[in-house]
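Please read these comments with the model open beside you, and follow each point on the structure itself.

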Amino acid sequence: GQGGMANVYRGHYQGIHGFTRPVAIKVAKPHPTETNLLKREARLLAKVRHPNIIQIIDAGEESGHAYYAMDWIDGWTLKQLLTKNGALPPVVCIEIAQQLCHALASLHDRSLMGMRYSIVHGDVKPANIMLNGNGWVRLLDFGIASVHDPSIRPPSYGTAAYIAPEQLGTNQPDVRSDIFSLGAVLYEMATGERLFKERDISSLVRKRVELERHINRSHMSRQIQRCHPALISIIHRCTQGSPSKRFQSADCLGSALGDAKNQISKTPGLRRWIQFM
């Protein structure tokens, strides 16, 4: 795979006595900025251990190329699944989002990592979410993740269609920015369409000036007619323009998703759906 700051290769990790395992190797492009970003990403990932977050295995530098090795996931990105299938069944949407909530809750809980501040992923989107054949979801690509230190203003990175309004403005992004992005992903899973289709940042800024009017309950109801009202309500709350109006934590969002799942008629869950899609 190829990205703006690095390329990713499939390789093998070789241990003692000939033991090997498949890995993905992320190699920074030969430029000081990309090299420093990848080293920073590796240091952040080394602090995080959670079953729904990609696990780093090793890191180093060779011939001027910084790299790190991580788990190889035999599966698909959520982006690939959406391209192939369009909108996903409501229960499948919820179960994917629940696993992502577990991942974000771990990142956002600074006490779990012995850190002073939380980690904000900053780029939650379908291309950075992978699933395997058992329906195991993992969040990856921490290239622009930041430690939420109120004294430091991180750069406004991210992918235009998924970032929260404050990431475009002057306010400090925080854990609720990831909640917004997850809401945008949930909307795309439920409808098969992006919440924001603009690719140009200036167009996106103009659209988000009228965010409350653009993302309203009636609009979502038309787009998600086959979904349960509880799911529409969750998406609406996640994507509020004001951070104070969103779910205030990934745990709170996860609880709401669990309640919504209980209200939806029993249909095949994620694991069964992905095995027979």
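This is a predicted model: local features need pLDDT of at least 70, side-chain atom pairs count only at pLDDT 80 or more; totals for chains, interfaces and linings use all residues.

1. The contact between α3 and α10 can be followed residue by residue: on the α3 side it includes Val-91, Ile-94, Glu-95 and Ala-97, and on the α10 side it includes Ala-250, Asp-251, Leu-253 and Gly-254. Sorted by class, the residues of the contact of α3 with α10 are 10 nonpolar, four polar and three charged.

2. Helix α3 (residues 90-108) also meets helix α5 (residues 175-191), where the axes come within 11 Å and cross at roughly 165°, and α3 and α5 are therefore roughly antiparallel to each other. Here α3 passes α5 in a right-handed crossing. Among the residues that meet are Cys-93, Ile-96 and Leu-100 in α3, and Val-175, Leu-182 and Met-189 in α5; the contact of α3 with α5 divides into 11 nonpolar residues, one polar and one charged.

3. How do α9 and α10 cross, left-handed or right-handed? The axes of helix α9 (residues 229-238) and helix α10 (residues 250-263) come within 9 Å and cross at roughly 160°, which makes α9 roughly antiparallel to α10, and their crossing is left-handed. The contact is made by Ala-230, Ile-234 and Cys-238 of α9 together with Leu-253, Ala-256, Leu-257, Ala-260 and Gln-263 of α10. By class, the contact of α9 with α10 holds seven nonpolar residues, one polar and no charged ones.

4. Turning to the largest pocket, about 970 Å³ of space lies in it. Its lining is formed by 37 residues, and those that lie nearest the centre of the pocket are Gln-2, Val-8, Ala-127, Asn-128 and Asp-141.

5. Several elements each supply at least two residues of the lining of the largest pocket, among them β2 (20-28), α1 (32-47) and β4 (65-71), while β1 gives the most, with five residues. By class, the lining of the largest pocket has 16 nonpolar, 13 polar and eight charged residues.

How values were computed. Residues are numbered from 1 along each chain as its sequence is written. Side-chain values use heavy atoms; hydrogens and water are left out. On a 1 Å grid over the protein atoms alone, a cavity is a set of points where a 1.4 Å probe fits but cannot get out, and a pocket is an open set with protein on both sides within 12 Å along at least five of seven lines; lining residues have an atom within 4 Å of a point. Grid points are joined across faces, edges and corners, and a volume is the space filled by probe spheres set on the points. Helices (H or I, at least four residues) and strands (E, at least two) are DSSP runs, numbered from the N terminus. Ala, Val, Leu, Ile, Met, Phe, Trp, Tyr, Cys and Pro count as nonpolar, Asp, Glu, Lys and Arg as charged, and the others, Gly among them, as polar. Axes are lines fitted to C-alpha atoms, for helices over the stretch in contact, and angles run from 0 to 180 degrees between N-to-C directions. Angles under 35 degrees count as roughly parallel, over 145 as roughly antiparallel, 65 to 115 as roughly perpendicular and the rest as oblique. A crossing is left-handed if the near helix is turned anticlockwise from the far one by less than a right angle, and right-handed if clockwise. Contact means heavy atoms within 4.5 Å.
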